[in-house]
Amino acid sequence: MPDLTPYESPEIRQALVTMRRDLHQHPELGFSERRTSAVVRARLERAGLEVRGLAETGLCADVRGDRVGPTVLVRAEMDALPIHEISDVAYRSRHHGVMHACGHDAHTTIATVVAERLAKCRDELRGTIRFAFQPAEEIAGGAVKMIEEGAIENPAVDAAIALHVLPELAAGTVAVASGPVWAAVDELRWTVRGKSGHAAYPHQHVDTIVVAAQIVTALQTVVSRSSSPFTPAVLSIGSIHGGTTWNVIPEYVEMHGTLRTFDPQVRERLMERMRAISTGVAMSMEATCEVEDRYSAPPVVNDGELALWMRDTLVPLHGEDQVAVSAPSAGGDDFAFFAERSRGCVFHLGVRNVERGITNGLHNSGFDLDEGALPVGAASLDAILRTLLARI
Ligand code: NI
């Protein structure tokens with residue numbers, strides 16, 4: 001690994017690992033990140049930063065450079081997932097059924113340690129770096145609340161960036177690309193209504209189970225027949241609930257699923273097809289189908305110039321072969337709301353280590369990360385922030 005001074009110093013390495021393990025052992029769900037928030041606040045205040053609480057458990061702290069310049073926001077998420085951790089590492093979760101399975105413990109740690117360090121280097125900085133620690137990314141509510149409560153104002157943010165760990169990428173490696181990174185997320189709920197009655201006399205009722213089954217099948221044509229093979233999209237149904245017993249046709253069936261798209265026009269077209277098919281199939285079978293949509297996040301599309309500047313920073317720092325090109329994912333992230341308000345860019349931090357068996361994916365109950373990646377992430381973030389302040 002290249003020299004990433006000062007983040008490779010034994011003290012900072014240790015600080016990164018200690019804080020990450022502490023957060024990992026004490027994961028908290030969205031909008032209840034009270035301990036995490038208190039840990040971050042105490043450290044930032046000790047570093048001489050003024051900390052503002054917002055969005056229930058969220059925090060913002062500005063590192064103001066000695067010279068006037070742009071404002072760049074760094075987003076770090078603090079929440080964990082309702083997953084039971086199965087690893088037997090000494091620092092595994094102490095909160096039953098709650099786990100940092102998306103690396104947010106690492107993101108929060110890296111942002112805190114970089115803020116502490118940059119707070120000591122104000123004379124080298126032109127402009128303001130806003131460290132924004134958001135709650136509730138996983139339930140997609142934190143970013144909007146942070147923005148509503150002023151996270152991107154005073155001074156107005158010129159660019160928003162974020163780092164996300166990537167278990168598909170080897171530790172020691174980073175990745176960035178311009179263009180789509182994460183998909184727009186629509187959370188969909190279908191309610192199919194018919195006429196209930198004795199299962200022995202279906203001709204006297206409207207069988208919602210059969211209607212729902214037809215709708216599920218017909219929906220498989222939404223992506224395959226209505227969007228170009230060159231514009232990615234996913235429509236999945238994750239749950240179906242209907243009925244109470246074996247000999248009764250249920251009054252209604254509920255289904256719950258998601259549409260993922262990268263392009264607003266594709267999204268609009270597919271939403272329209274999804275609704276037309278759902279209601280049309282239901283109607284043709286004497287039932288009704290209501291579709292509710294919760295648009296949880298727009299797509300994250302990396303700004304071309306920011307991505308280029310990030311790459312320009314990362315290549316000399318890590319070497320060309322350690323800087324990969326990020327691939328888009330159909331996952332979503334409410335960082336999109338920050339990126340939408342100014343311009344935004346996300347870069348990825350590799351955390352995979354095959355020899356040590358660290359290969360599980362995000363949101364997996366056995367997820368872990370190679371902590372050797374923490375200094376790489378911190379050095380990358382520090383360098384990127386300096387570049388952006390100098391170039392914007
Ligand atoms: Ni995440």
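Which residues does His-164 touch, not counting residues up to four places away in sequence? I put this to the predicted model, and the list I wrote down is Glu-77, Cys-102, His-104, His-107, Trp-182, Asp-333, Val-346, Phe-347, His-348, Leu-349 and Leu-362. I also noted that His-164 sits in strand S5, which spans residues 159-170, and that His-164 is buried because its relative accessible area of 3% is under 20%.

**Nickel site**

I next looked up the nickel ion and found that its donors are the SG atom of Cys-102 and the NE2 atoms of His-104 and His-164, at 2.2 to 2.4 Å. Along the chain these donors follow the spacing C-x1-H-x59-H. Both Cys-102 and His-104 are buried, and for Cys-102 I recorded a relative accessible area of 7%.

**Cysteines**

**Salt bridges**

How many salt bridges does the count come to? I noted 27, and I then went through some of the pairs one by one.

The side chains of Arg-130 and Asp-62 meet at 2.7 Å, N to O. This pair links distant parts of the chain, with Arg-130 in strand S4 (residues 126-134) and Asp-62 in strand S2 (residues 58-64), 68 residues apart. Are these two partners buried or exposed? Arg-130 counts as buried at 1% relative accessibility, and Asp-62 is buried as well, with a relative accessible area of 12%.

For Arg-75 and Glu-77 I found a salt bridge whose closest N and O atoms are 3.4 Å apart. Arg-75 counts as buried at 2% relative accessibility, and Glu-77 counts as buried at 0%; Glu-77 is also one of the residues that His-164 touches.

Asp-303 and Arg-343 meet in a salt bridge at 3.1 Å, N to O. Asp-303 lies in the loop between strand S14 (300-302) and helix H7 (304-318), whereas Arg-343 lies in the loop between helix H8 (336-341) and strand S16 (344-352), 40 residues apart. I recorded Arg-343 as partly exposed, at 23% relative accessibility.

**Domains**

I finished with the division of the chain into domain 1 (10-181 + 299-391) and domain 2 (184-297), whose centres, taken over C-alpha atoms, are separated by 37 Å. Between them, 13 residues of domain 1 are in contact with 10 residues of domain 2, and the area buried is about 810 Å², of which carbon and sulfur atoms give 68%. I counted zero salt bridges between domain 1 and domain 2.

How values were computed
Residues are numbered from 1 along each chain as its sequence is written. This is a predicted model: local features need pLDDT of at least 70, side-chain atom pairs count only at pLDDT 80 or more; totals for chains, interfaces and linings use all residues. Side-chain values use heavy atoms; hydrogens and water are left out. Helices (H or I, at least four residues) and strands (E, at least two) are DSSP runs, numbered from the N terminus. Buried means under 20% relative accessible area, exposed over 50%, partly exposed in between (1.4 Å probe, protein chains only). Contact means heavy atoms within 4.5 Å. Donors are N, O and S atoms within 2.8 Å of the metal (3.2 Å for Na, K and Ca); water is not among the atoms, so sites may look incomplete. Domain bounds come from an automatic or database domain assignment. Buried area is the accessible area (1.4 Å probe) that two parts lose on being put together, summed over both. A salt bridge is a side-chain nitrogen of Lys or Arg within 4 Å of a carboxyl oxygen of Asp or Glu.
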